[in-house]
Amino acid sequence: MVISRCWCYQQPQEESIEHIFVTSPTASKVWNLFMGAAGISVQLIQLKQIVRHWWYAKCCPKLKPLFQAVPTIITWEIWKRRNASKHGGLVSTNRVIHEINRTLHQLARVRVTWQFPFHGWYKCNADGASKGNPGPSSLGFCVRDDEGDVVYARAVDLGVTTNVVAEAKAILQGLEYCVEHDLHPLILETDSLVHLSFIHSLNCLVQGGGDQSRQISITKP
């Protein structure tokens, strides 16, 4: 529950997450428009249910990342409209739709560099960052199957540390999760070339992925 008042009507009412992002007049109109275009049919009741339908919608592999990005783009534009209205601004529903379309068109033109893992394989993308180095740091990793569906994702606040430590912990936690849940064979993808030197001693196949990324293919002995 959002501790606020709904700004959709002249008579403000207590607002909830579902009301802001799903059942308000603007939200319901936006969802119905884009779901109709994508051939997705789901009742506008719970946000998580709508997100799930977008994530698992049947479409060609090239469009899947775009489909999975739609709920984030829509909720972001609805949230921006809500905040603008609350603070005296005015953003029409048509403007929200325009901004969503503009972002989707931009994404469609961007070359997607993430590659699906081999059939029967998993891929773990791990990354860590530090503001200040040392400074406030965090890590994250995401595991996907050979169809690109998310198996598990995690983000962790590490407090104050360095970028090297954050990157190392992201790789470690990602590998630990995959080992614990028997997710193999596995491709570990990271942009930290520093840590590859520590992994070369393992019985892994190290594949180059350009200057900005590297892949480590790991099979269970």
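Does Gln-173 count as buried or exposed, and what is its relative accessibility? At 17% relative accessibility, Gln-173 counts as buried (buried means under 20% relative accessible area, exposed over 50%, and partly exposed in between, with a 1.4 Å probe and protein chains only). The model is a predicted one, in which local features need pLDDT of at least 70 and side-chain atom pairs count only at pLDDT 80 or more, while totals for chains, interfaces and linings use all residues. Residues are numbered from 1 along each chain as its sequence is written, and side-chain values use heavy atoms, leaving out hydrogens and water.

Gln-173 sits in helix α6 (residues 163–180); helices here are DSSP runs of H or I with at least four residues, numbered from the N terminus. Setting aside neighbours within four places in sequence, Gln-173 touches Leu-139, Phe-141, Arg-154 and Val-156, contact meaning heavy atoms within 4.5 Å. Leu-139 is 34 residues away along the chain, yet its C-alpha atom is 9.2 Å from that of Gln-173.

Next come the helix pairs. Two packed helices are described by the angle between their axes and the distance between the axes. Helix α2 (residues 25–38) and helix α4 (residues 64–86) have axes that come within 11 Å and cross at roughly 160° (axes are lines fitted to C-alpha atoms over the stretch in contact, and angles run from 0 to 180 degrees between N-to-C directions). That makes α2 and α4 roughly antiparallel, the word for angles over 145 degrees, whereas those under 35 count as roughly parallel. On the α2 side, the contact is made by Thr-26, Ala-27, Val-30, Trp-31, Phe-34 and Ala-38, and α4 brings Phe-67, Pro-71, Ile-74, Thr-75, Ile-78 and Arg-81.

Helix α2 also packs against helix α3 (residues 47–55), at about 25° and with the axes 12 Å apart, so this pair is roughly parallel. Here Trp-31, Phe-34, Met-35 and Ala-38 of α2 meet Leu-47, Ile-50 and Trp-54 of α3.

What about disulfides? A search of the whole structure turns up zero of them, a disulfide being a pair of cysteine sulfur atoms within 2.5 Å. For Cys-60, the closest cysteine sulfur is in Cys-59, 5.8 Å away and too far for a bond. Cys-124 has its closest cysteine sulfur in Cys-178, at 4.7 Å, again too far for a bond. As for accessibility, Cys-60 is partly exposed at 38%, while Cys-124 is buried at 0%.

Terms used. Helix = DSSP H or I, 4+ residues; strand = E, 2+ residues; numbered from the N terminus. Parallel < 35°, antiparallel > 145°, perpendicular 65-115°, else oblique.
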